[in-house]
Amino acid sequence: MNSERLNPDKWVDNYADYLYNYTIVRVNDHIVAQEIVSETFLAALRAKDNFQGKATERTWLVSILKRKIIDHYRYSNSNKRKAEISISYRDPDIEGDWLEENAADPFDRTAEDSLENDELRLAILECIDQLPEKHAEIFKLKTIEEYDTETICKKYNITPSNLWVIIHRARKAMMECMEKNWIN
Amino acid sequence: MKLFSKCSEAAHICDKHQYEEIGFLDKIKMKLHLLLCKLCRNYSKRNERLTKELKTANIKTFTSEEKQLLKSRLAEEIKNHSNS
């Protein structure tokens, strides 16, 4: 049994963001994507004895995630629960201008948010994965979640100069990793 | 004030610059250093590229509350799993 090589306590910290970004481009709905990621973790937990240690933990989780995404579409297409289709009215004067339709959808994907960006996103997350755990966490907080220096220092009980050393090392490693994995 | 800063200092300012956390004086110092130091120019260029990539990718993450919720759900499941 290789299940000791899995580390479920760390799953959320290590993989939630990767799996979420993988899912969001496929289901395009924030809540559904989070639900699918959460289901994936639960399913993985139940199946953890089947993990043979042939793939990395992440690859294994992604393979479960893929099935969950397919399940999601299968379910939403069965029993007349048709996948959501947005209807544009032929004549805007006939059907009302619903407030919901006019509000900006923060998860709406614009033209710039192209397929290439989806790949870039996953490449970055893969590189972050390769950083030492603490560096990865701090780099993510600082760069992606845009926390200010003071908050992070308090959280990890470090000085600002410690923080900048970590950021410097993380950025250098990220540059090297991206230059290897991402060709502009 | 020394006009020509050390490379380590320039790199530090350059890192901070990626998060828009430097003042006017530091900016001048950095520009001056970059003008004269090819190695740091290279570092700065790569650093800018990384910043641009991160910006373009527009990565979305779980908020820390959402993560906490997910963790507790998972922890509960682990407990059930080990009991059964």
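Predicted model: local features only at pLDDT ≥ 70, side-chain atom pairs only at ≥ 80, totals over all residues.
**Chain A as a whole**

- Read from the N terminus, the elements of chain A follow the order α-α-α-α-α-α-α-α.
- Chain A has 184 residues, and 22% of them count as buried.

**Helix α8 of chain A**

- This helix covers residues 160-181. Its 22 residues should span 32 Å at 1.5 Å a residue, and the end C-alpha atoms of α8(A) are 31 Å apart, which agrees.
- The buried residues of α8(A) are A:I166, A:I167, A:A170, A:R171, A:M174 and A:M178. Why do they fall on the same side of α8(A)? They cover an arc of only 135° around the axis, so they share one side of the helix.
- On the face of α8(A) turned away from that buried side, you will find the exposed residues A:S161 and A:K180.
- The packing partners of the buried residues come from both chains: α5 and α6 of chain A, together with α1 (7-18) and α3 of chain B.

**Where chain A meets chain B**

- The contact between the chains brings 29 residues of chain A together with 24 residues of chain B.
- On the chain A side, the elements that give two or more residues are α1 (11-27), α2 (30-46), α5 (115-129), α6 (133-144) and α8.
- Sorted by class, that side of chain A has 18 nonpolar, 6 polar and 5 charged residues.

**A closer look at α8(A) and α3(B)**

- Helix α8 of chain A packs with helix α3 (residues 38-57) of chain B at an angle of about 80°, and their axes are 10 Å apart.
- Angles of 65 to 115 degrees count as roughly perpendicular, and α8(A) and α3(B) are therefore roughly perpendicular to each other.
- From α8(A), the residues A:R171, A:M174, A:M175 and A:M178 meet B:R46, B:N47, B:L50 and B:E53 of α3(B).
- The residues of this contact divide into 4 nonpolar, 1 polar and 3 charged.

- A:L19 is found in helix α1 of chain A. This leucine counts as buried because it has 27 C-beta neighbours inside 10 Å.
- Leaving aside residues up to four places away in sequence, A:L19 touches A:V37, A:T40, A:L61 and A:L65.
- A:L19 and A:K66 are 47 residues apart in sequence, while their C-alpha atoms are 9.8 Å apart in space.

**Two loop residues with positive phi**

- A:N157 lies in the loop between α7 (149-156) and α8 of chain A. Its phi is near 55°, a positive value in a residue other than glycine.
- With 7 other C-beta atoms within 10 Å, A:N157 is exposed.
- Back to B:E20: this residue has a positive phi of about 55° although it is not a glycine.
- Is B:E20 buried or exposed? It counts as exposed, with 7 C-beta neighbours inside 10 Å.

How values were computed:
Residues numbered from 1 in each chain as written. Chains lettered and ligands numbered in written order. Axes fitted to C-alpha atoms, helices over the stretch in contact; angles between N-to-C directions. Helix = DSSP H or I, 4+ residues; strand = E, 2+ residues; numbered from the N terminus. Parallel < 35°, antiparallel > 145°, perpendicular 65-115°, else oblique. Contact = placed C-beta atoms within 7 Å. Nonpolar A, V, L, I, M, F, W, Y, C, P; charged D, E, K, R; others polar. Buried ≥ 20, exposed ≤ 12 C-beta atoms within 10 Å, placed from the backbone. Expected span 1.5 Å × (residues − 1). Arc of directions from axis to C-beta.
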